[in-house]
Each structure stands twice: as structure tokens, then as C-alpha cells.
Amino acid sequence: MNTRTLVIVLIGVSTLFLMAFIKPFSSSESWEVPAKYQKMKNPYVGDKDSGRVGQTLYVVHCKSCHGKTGIGDGTKSKSLKTAIPDFTSKEVQSQTDGELYYKTIFGRDEMPSYEKKIRDDEDRWLLVNYLRKLNK
């Protein structure tokens, strides 16, 4: 193998290695939500009694990463490689209830799935309602 070919192969291998290493740290990758969930309507929107249940679920399952006020400064946040979204931001609050439901329950990457931990559909929606209150 001549020197030129060896250099090209090394550059290619190095590029693939760097791409594999950098991708997990990319926060610009969009989180695709299936259309079924994007269009889902929250049957408990505006439920006046949802605050306590939603808050309790948030404290138990979300606070350690997302923080007390939802800005992404929880005690575990510094140990994560994935960027933690600010629930109070316009970017998060502009998502549909169905999108928040999907992301909250099914997770991805370091965001765990809560499908088995929060089984009751009403509780899932009440958590979404609580996330909506964090921007106020």
C-alpha cells in the first residue's frame, strides 16, 4: 500500500470515529414525534384538580434532571451528556400536548421511558398539565 492510499484510509477511519463520538453530544438533532401523538388532545386540559397529582409525578420522576422549576438544572443534570430542555422556554411550551405526552412517556437517549412507571393515562396527562404550569 502506498503512502497516499494509507493517508486517505487513515483520514476516512478518523472521520468515522469522530462522527461516532460527536453524534451523542449533538443537541440540535430534532426529536421526531409520530403524527398520531402530535394530534392527540389532552382530555384533562384545564382540570383544576390536576395540579397536585401532576406536581407529585414531576417531583418523583422529573425533578432530579429537570430541576425544581423545570429549567434543566436538577441534581443529575451535570452528569448527563444529553442537553436538558428548559420546560419554561417558548420552544417547549409551543409543542402540542400530544408531543409533550409522547416525549415524557416514551423518552429517548438518556431520557428514560416512563411507560411502565406512569401507567395510568390520566396521570400522564396530568403531568403534561403540570409542565404547562412551569412557564407561569
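**View 1. Salt bridges of the predicted model.** The model contains two salt bridges, a salt bridge being a side-chain nitrogen of Lys or Arg within 4 Å of a carboxyl oxygen of Asp or Glu. Side chains of opposite charge can pair when their charged atoms come close. This is a predicted model, in which local features need pLDDT of at least 70 and side-chain atom pairs count only at pLDDT 80 or more, while totals for chains, interfaces and linings use all residues. Residues are numbered from 1 along each chain as its sequence is written, and side-chain values use heavy atoms, with hydrogens and water left out.

**View 2. The pair Arg 132 and Asp 97.** Arg 132 forms a salt bridge with Asp 97, with 2.8 Å between the closest N and O atoms. The pair links distant parts of the chain, 35 residues apart: Arg 132 belongs to helix α7 and Asp 97 to helix α6. Helices are DSSP runs (H or I, at least four residues), numbered from the N terminus. Arg 132 is buried at a relative accessible area of 17%, and Asp 97 is buried at 16%. Buried means under 20% relative accessible area, exposed over 50%, and partly exposed in between (1.4 Å probe, protein chains only).

**View 3. The pair Asp 109 and Arg 108.** The side chains of Asp 109 and Arg 108 form a salt bridge with an N to O distance of 3.6 Å. Asp 109 is exposed, at 63% relative accessible area, whereas Arg 108 is partly exposed at 27%.

**View 4. The largest nonpolar core.** This core has 19 residues, and those with the most contacts inside it are Tyr 58, Phe 87, Tyr 101, Leu 127 and Leu 134. A nonpolar core is a set of buried Ala, Val, Leu, Ile, Met, Phe, Trp, Tyr and Cys residues joined through side-chain atoms within 4.5 Å. Helices α3 (50–61), α6 (97–106) and α7 (121–133) each supply at least two of its residues, and α7 gives the most, with five. Leaving aside residues up to four places away in sequence, Leu 127 touches Gly 54, Leu 57, Tyr 58, Cys 62, Thr 104 and Ile 118; contact means heavy atoms within 4.5 Å.

**View 5. Cys 62 and Cys 65.** The structure holds zero disulfides, a disulfide being a pair of cysteine sulfur atoms within 2.5 Å. For Cys 62, the nearest cysteine sulfur is that of Cys 65, 8.8 Å away. Cys 62 is buried, at 8% relative accessibility.

**View 6. The loop between α4 and α5.** Ser 79 is in the loop between α4 (63–66) and α5 (90–93) and is exposed, at 58% relative accessible area. Its side chain reaches the backbone oxygen of Lys 76 at 2.8 Å. The C-alpha atoms of Ser 79 and Cys 65 are separated by 9.3 Å, the two residues being 14 residues apart along the chain. Lys 68 lies in the loop between α4 and α5 and is exposed, at 66%. Not counting residues up to four places away in sequence, Lys 68 touches Tyr 58, Lys 63, Asp 73 and Leu 134.

**View 7. Residues 22–28.** Here pLDDT stays under 50, and the model has three contacts beyond four places in sequence for this stretch. pLDDT is the predictor's confidence in each residue, from 0 to 100. Where pLDDT is low, the predicted coordinates should not be read in detail. The chain has a mean pLDDT of 87, with 81% of its residues at 70 or more.

Methods
Polar contact = N/O pair within 3.5 Å; in protein donor to acceptor, adjacent residues only side chain to side chain.
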